[in-house]
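This report describes how two protein chains meet in a model. Please examine the sequence and the structure before reading on.

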2 protein chains.
Amino acid sequence: MREHNLALALREIAFAHTPVSRADIASATGLTRATASSLVDALVGAGLVVESGPTARPRGGRPATGLVLSSTGPAGIGIEVNVDYVAVCVMDLAGVVRHRRIEGGDWRDVPAPEALARAASLTADVARSARRSGLRLAGAALAVPGLVQAPYGPLQLAPNLGWQDLDVLAVLRDAPDLPAVPLTVDNEANFAALAELYAAPAEPGAPRSFLHVSGEIGIGSGIVLNGALVRGRHGWSGELGHLTVSPDGPDCTCGSRGCLEQYAGLDAILRAAGLPAPRGTSLGGVSAVERIVETAKTADPSMLAALESAGTALGVALAGALNLLDLDAVVLGGAYARLAPWILEFVEQEIGGRLLSAPWSAPQVRASLLQADAAVLGAARSVVQGVVDDPASWVARVGA
Amino acid sequence: MREHNLALALREIAFAHTPVSRADIASATGLTRATASSLVDALVGAGLVVESGPTARPRGGRPATGLVLSSTGPAGIGIEVNVDYVAVCVMDLAGVVRHRRIEGGDWRDVPAPEALARAASLTADVARSARRSGLRLAGAALAVPGLVQAPYGPLQLAPNLGWQDLDVLAVLRDAPDLPAVPLTVDNEANFAALAELYAAPAEPGAPRSFLHVSGEIGIGSGIVLNGALVRGRHGWSGELGHLTVSPDGPDCTCGSRGCLEQYAGLDAILRAAGLPAPRGTSLGGVSAVERIVETAKTADPSMLAALESAGTALGVALAGALNLLDLDAVVLGGAYARLAPWILEFVEQEIGGRLLSAPWSAPQVRASLLQADAAVLGAARSVVQGVVDDPASWVARVGA
């Protein structure tokens, strides 16, 4: 019961836009003032909450002590290994990104332990910075582009990395640099959707049922229905990139034919525009999405045609997803956020023409504000949210 | 609190395979014997539960009075209007179908009020029979093949019936014969999935996350994830028939091109086999599915090729749905249950080749046991389940 009430009290502080008092918490939760006060003391003692000075009292009266989430309390680390970059970040309890690192590369021809060792090394860097900022590391979450059994693995398949049947957390844990924190893993598209969900509440009326598309070399998606991630039976939902656009289309890395990735993935767009796909960015080259954006900005006809084809194929697949799922919105994330000026129109056109319910309620299609950062932010957010949802475990862990 | 406890007590009786006693209910729910006994008296008084004679006492002791769901208590009516038939049934509280009527026809060129008047007339028939059996009608639920806002409408679109923007329950209510009972409406594929869900628990380990496909002239589906129907934002989920199989394929009744229905709907199968689609069965003709089954049984090469094409297209669309949703099973329902011997192999082949996760956990694909009855059974079940979930409202309604 106290565990539940600790979470209730912390949620009141976390969701408020201004500092709240012990009395505010008592009245919002229906707890007595004494109970609320004792819960707050425990949250302060465990470093989750700090006193911020007197609250404003709009109706007058004596100002009370304001409470806000601590910016030196527990923090979560997000780690993303993707086909052409590795990214890490540290997020504090209030959802603010405090440290981040991103490094281009090409991990397609590299053994998994080497890619994960690089991720571990960047993680060690941001962990040191975080500790210097006074943060305490609650855990780290790894985002991978493929089928993985969340939250502890194994990874079944990351087709674009060439990884298969891998205990990905064990490999990460074996890297010499990795700081000693609890680890979890999930699909990058699920984490990206989670980040979008948490980024949204600030806008009133923001859609709470949406598909977040992570468009990179590969294409994944995360399904959010009524504010909750739809993960499927094994956590393998959202494999939009392997929806068939044309049954006899080109071979895919997954073994099937005519998958969306072969029409609308970044390499496929470069190929269709007659450009070589850049292999790696670590030696000063530009990434696939930068190459596409640069070329599109020159109004190169081959590139514009390639982007139209990609947008059309993406729209066909998304219309299918929307016919199945009945959502409010599609968020174009990852590299698609940058390509939106050239693809959005064609995506909307296919959805308008192919979604049975479009004449009654056409879903909004928009670019993500988080862009390629979404997955790593969502990974860090999952750790932070774990603490907010269950502060009692953190209180027990720090012995407060 | 008493409302909640009434539901708890009724659930104990509903889910038991043998009669239970008042003491069994007390011990299973943690209520006192006096409370349990008073709740049971209310359930008996409202006609929901009857005493069935003494319970077996495996460990000896005095036999107690056994309690079972009443077979003369509240009952639900299911009504389905589909492209080539109208069906109605009455289900009692225990889930037993007590009366049913089905009538072939062709409702494609018929105004909605006429089709719904026919449904109302059949409903009046079974309602009279139900009353003669001592049942009390708790309500009726209408299943329609199209987009509809459950539970009260309106209907947006039923492409194969040619209905659009129709207050379908108001039209049904205007039919002179309709008995005065509360009415609700939902998509037939959602009701069919619900029927499959309730049919399944009898088998141990039965899949609880599945897609139920309703294959008729049109093709719909209902999504069940972890034992609950995924209805989407407006109740429009599961429109499998309008997933694109080939972007430049044949025109569909919905206005799009290359929809699954144009490859795997019953009319499409007949067309591909070079046979005319039967228009209506009310004058002694055979239905589309009967025509297909008859012809397939003669090993007619055109029909076998048409069924292979249909199974392949269905498999492509289902692989897409499974890539998105990550489910345990696909249930081929409606007419597909009868076509399974000729299409199942091709469906499985496409799923095996196109579902990214198939090598790790291939979903089961099987024919529905309920066949074309599923939607009307699910509709009736939704009414009955409403009473089981909220017996207090029924108690209040009958003034017990």
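## The annotated domain

UniProt lists residues 8-54 of chain A as "domain: HTH marR-type" in an unreviewed entry; such positions follow the numbering used here, feature names are shortened, and annotations may be inferred rather than shown by experiment. Across residues 8-54 of chain A, the chain is 62% helix and 13% strand, with 22 Å between the end C-alpha atoms. Helices (H or I, at least four residues) and strands (E, at least two) are DSSP runs, numbered from the N terminus.

## Basis of the model

The model is predicted: local features need pLDDT of at least 70, side-chain atom pairs count only at pLDDT 80 or more, and totals for chains, interfaces and linings use all residues. Residues are numbered from 1 along each chain as its sequence is written, chains are lettered from A and ligands numbered from 1 in the order written, and side-chain values use heavy atoms, without hydrogens or water.

## Extent of the interface

In chain A, 46 residues are in contact with 47 residues of chain B (heavy atoms within 4.5 Å). The two chains bury about 4000 Å² between them, 62% of it on carbon and sulfur atoms; buried area is the accessible area (1.4 Å probe) lost when two parts are put together, summed over both. Leu324(A), Leu356(A) and Trp360(A) supply 21% of the area that chain A buries against chain B, more than any other three residues.

## Salt bridges

Between chain A and chain B there are 2 salt bridges, each a side-chain nitrogen of Lys or Arg within 4 Å of a carboxyl oxygen of Asp or Glu. Asp328(A) and Arg233(B) form a salt bridge through their side chains (2.7 Å, N to O).
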